[in-house]
Amino acid sequence: QKELDRIIKEAKEDNPNVTEVKIPVKIETDNPDDPDNPIIRDVIITVPVNPITDPDIPDDHDLVIIPDDVDPREDGDITTTKSAKNVTEGYENRGNKNIAQVGDTIRYTIEVSNSHLGSAFYDVLIKDPLPEGLGYKPGTAVITTADGTVYKNFEVDFNEETRTIGFCVGDLYGNQKATVTFDCTVLPEA
């Protein structure tokens with residue numbers, strides 16, 4: 001969080017009207033051709049910046065990281081989108097909707113789609129690192145597979161050390177998509 005605050009502050013110093021910052025990151029995925037050598041891709045994460053954001057005031061911005069296309073090639077077949085929504089009761093009545101409060105419930109939706117007709121990706125796994133200050137709410141995950149099957153009330157794969165949550169959404173054939181939704185609670189350390 002501190003690194004993001006620093007990046008936002010520098011961007012606002014360069015341009016007070018900045019609306020987003022781009023952060024380069026490396027994404028490591030399994031290599032089906034050589035399991036001992038993972039595929040490492042450089043991608044850019046775009047983080048929206050609220051025009052009234054002041055990085056010197058803690059928690060004065062609502063951070064939702066939405067990764068760019070995980071298959072950034074011009075002819076890439078796999079697209080992943082991530083969105084977040086505050087679904088806390090009474091949230092719509094708040095004066096400042098740009099700040100999540102401790103105890104709020106944030107609902108994440110991750111969609112993965114395959115745009116290549118005639119192709120297939122088997123046993124698609126979605127892994128999502130949870131930001132510090134958010135805690136997964138057990139029992140809230142819902143997977144909708146490409147064939148429309150809905151799975152609820154299952155144990156998710158969560159790595160405490162990396163704070164990464166994982167879901168297997170099954171096979172993804174050309175022109176199909178699968179989605180995962182799950183809720184997190186804003187913790188005091190946010």
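Student: Which residues is Ile165 in contact with, leaving aside its neighbours within four places in sequence?

Tutor: In this predicted model, Ile165 meets Ile126, Lys127, Asp128, Leu130, Tyr136, Val156, Asp157, Phe158 and Phe182. Each of these counts as a contact because heavy atoms lie within 4.5 Å.

Student: What makes Thr88 buried rather than exposed?

Tutor: Set the value beside the cut-off. Thr88 has a relative accessible area of 19%, and buried means under 20%, so Thr88 is called buried. You will find Thr88 in the loop between strand E4 (78–86) and strand E5 (105–114).

Student: How do you know that the side chain of Thr88 makes a polar contact with the backbone nitrogen of Thr105?

Tutor: Check the distance first. The side chain reaches that nitrogen at 2.7 Å, and the limit for a pair of N or O atoms is within 3.5 Å, with one able to donate a hydrogen and the other to accept it.

Student: Why are E6 and E10 said to stand at the edges of their sheet?

Tutor: Picture the open sheet of three strands, in the order E6-E11-E10. Strand E6 (120–129) and strand E10 (157–159) each have a single partner strand, so one side of each is left without a neighbour in the sheet.

Student: What makes E6 and E11 a pair?

Tutor: Pairing needs at least two bridges, and E6 and strand E11 (residues 164–173) share eight, in the antiparallel sense. For instance, Phe121 has Leu172 as its bridge partner in E11.

Student: Which residues touch the most other members of the largest nonpolar core?

Tutor: Among its 22 residues, they are Val112, Tyr136, Ile165, Phe167, Val169, Val180 and Phe182. Strand E12 (176–186) gives the most to this core, with five residues.

Notes:
Residues are numbered from 1 along each chain as its sequence is written. This is a predicted model: local features need pLDDT of at least 70, side-chain atom pairs count only at pLDDT 80 or more; totals for chains, interfaces and linings use all residues. Side-chain values use heavy atoms; hydrogens and water are left out. Helices (H or I, at least four residues) and strands (E, at least two) are DSSP runs, numbered from the N terminus. Buried means under 20% relative accessible area, exposed over 50%, partly exposed in between (1.4 Å probe, protein chains only). A nonpolar core is a set of buried Ala, Val, Leu, Ile, Met, Phe, Trp, Tyr and Cys residues joined through side-chain atoms within 4.5 Å.
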